[in-house]
Amino acid sequence: METMDSMDTYTLPDLPYDYAALEPHISARIMELHHDKHHAGYVKQANATLERLEQLRSDGGGDAMLLRALEKSLAFNVSGHLLHSALWPSMRPGGGELEGELAAAVDDAFGTFDAMRRQLTEAVSSLQGSGWAALVWEPLAGRLIVEQIYDHQGNMTPANVPLLVIDGWEHAYYLQYANEKDRYIEAFFEVADWGQAARRFEQTRRLPAFADITARGAVRP
Ligand code: MN
């Protein structure tokens, strides 16, 4: 890593609870594999890709096919790292209640909490292949949105901030629920921490993301 010693590399965060903490809804074995193997793998590959990009620059940077492959690898693995880092605090034993500014914003944007939850459910259950559903804050218009994300990085908008994410990859549920993905989604909502989403929302809204663009009238006031 000597070429990158002045910069940070990606690191695997600890789970904020024990592997078994979300049982019976999410099994300890799933949590252990999901965190220690899958999430760790994205972190490892993200750092390895940065090293390969550094090497490509050192070699003159002329290999377009390799560059394209590495750029895709970087987006996939860094996005995977970010989404899994957002997933662990999206869950907690016993779940957590929606409250504060986010509760009011959800009613404004979706009508009711249940309507938003139905859209999240539909977004994760109707994925074709691997992906995620997320309740996100879209800073340009200042809106809450439900995103359906393909793989880790497709079908999403830059700068959107995930508040609560659901992993729809088979590795998130298949050991426990096999093909009954709907049962997994119901189980996820038993442990979903809406209180954490509310706290993230209040922090996020204070960030000046895209303030320079919105100030130039990119959206209607
Ligand atoms: Mn996953």
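E180 is partly exposed, with a relative accessible area of 41%; partly exposed means between the cut-offs for buried (under 20% relative accessible area) and exposed (over 50%), with a 1.4 Å probe and protein chains only. The model is predicted: local features need pLDDT of at least 70, side-chain atom pairs count only at pLDDT 80 or more, and totals for chains, interfaces and linings use all residues. Residues are numbered from 1 along each chain as its sequence is written, and side-chain values use heavy atoms, with hydrogens and water left out.

**Salt bridges**

- A salt bridge here is a side-chain nitrogen of Lys or Arg within 4 Å of a carboxyl oxygen of Asp or Glu. The count by this rule is four.
- E180 pairs with R183, N to O at 3.1 Å. R183 has 43% relative accessible area and is partly exposed.
- R29 and E32 form a salt bridge at 3.7 Å, N to O. Both sit in helix α1, three residues apart, or about one turn of the helix.
- R29 is partly exposed at 48% relative accessibility. E32 is partly exposed at 31%.
- R205 forms a salt bridge with E101; their closest N and O atoms are 3.5 Å apart. R205 belongs to helix α7 (residues 194–205) and E101 to helix α3 (residues 100–110), so the pair ties together parts 104 residues apart in sequence.
- R205 has 42% relative accessibility and counts as partly exposed. E101, at 38%, is partly exposed too.

**Manganese site**

- Four residues coordinate the manganese ion: H34 (NE2), H84 (NE2), D167 (OD) and H171 (NE2). The distances run from 1.9 to 2.2 Å.
- Donors are N, O and S atoms within 2.8 Å of the metal (3.2 Å for Na, K and Ca); water is not among the atoms, so sites may look incomplete.
- Along the chain, the donor spacing reads H-x49-H-x82-D-x3-H.
- H34 and H171 link distant parts of the chain, 137 residues apart. H34 is in helix α1 (residues 28–58), and H171 is in the loop between β3 and α5 (174–177).
- H34 and H171 are both buried.

**Sheet and packing helices**

- Helices (H or I, at least four residues) and strands (E, at least two) are DSSP runs, numbered from the N terminus. Two strands pair if DSSP finds at least two bridges between them.
- Three strands form an open sheet in the order β2-β1-β3, with antiparallel pairing. β2 (143–150) and β3 (161–167) are the edge strands, each with a single partner, so one side of each has no neighbour in the sheet.
- The twist averages 20° from one strand to the next. Axes are lines fitted to C-alpha atoms, for helices over the stretch in contact; angles run from 0 to 180 degrees between N-to-C directions.
- β1 (residues 131–138) and β2 run antiparallel and are joined by eight bridges. A134 has E147 of β2 as its bridge partner.
- Helix α2 (residues 64–87) packs on the sheet and touches β1, β2 and β3. Its direction makes about 85° with that of β3.
- Helix α4 (residues 113–125) lies across β1, β2 and β3, at about 15° to β2.

**Domains**

- The protein chain is assigned domain 1 (27–90) and domain 2 (100–215). These bounds come from an automatic or database domain assignment.
- The domain centres, taken over C-alpha atoms, are separated by 22 Å.
- In domain 1, 19 residues are in contact with 21 residues of domain 2. Contact means heavy atoms within 4.5 Å.
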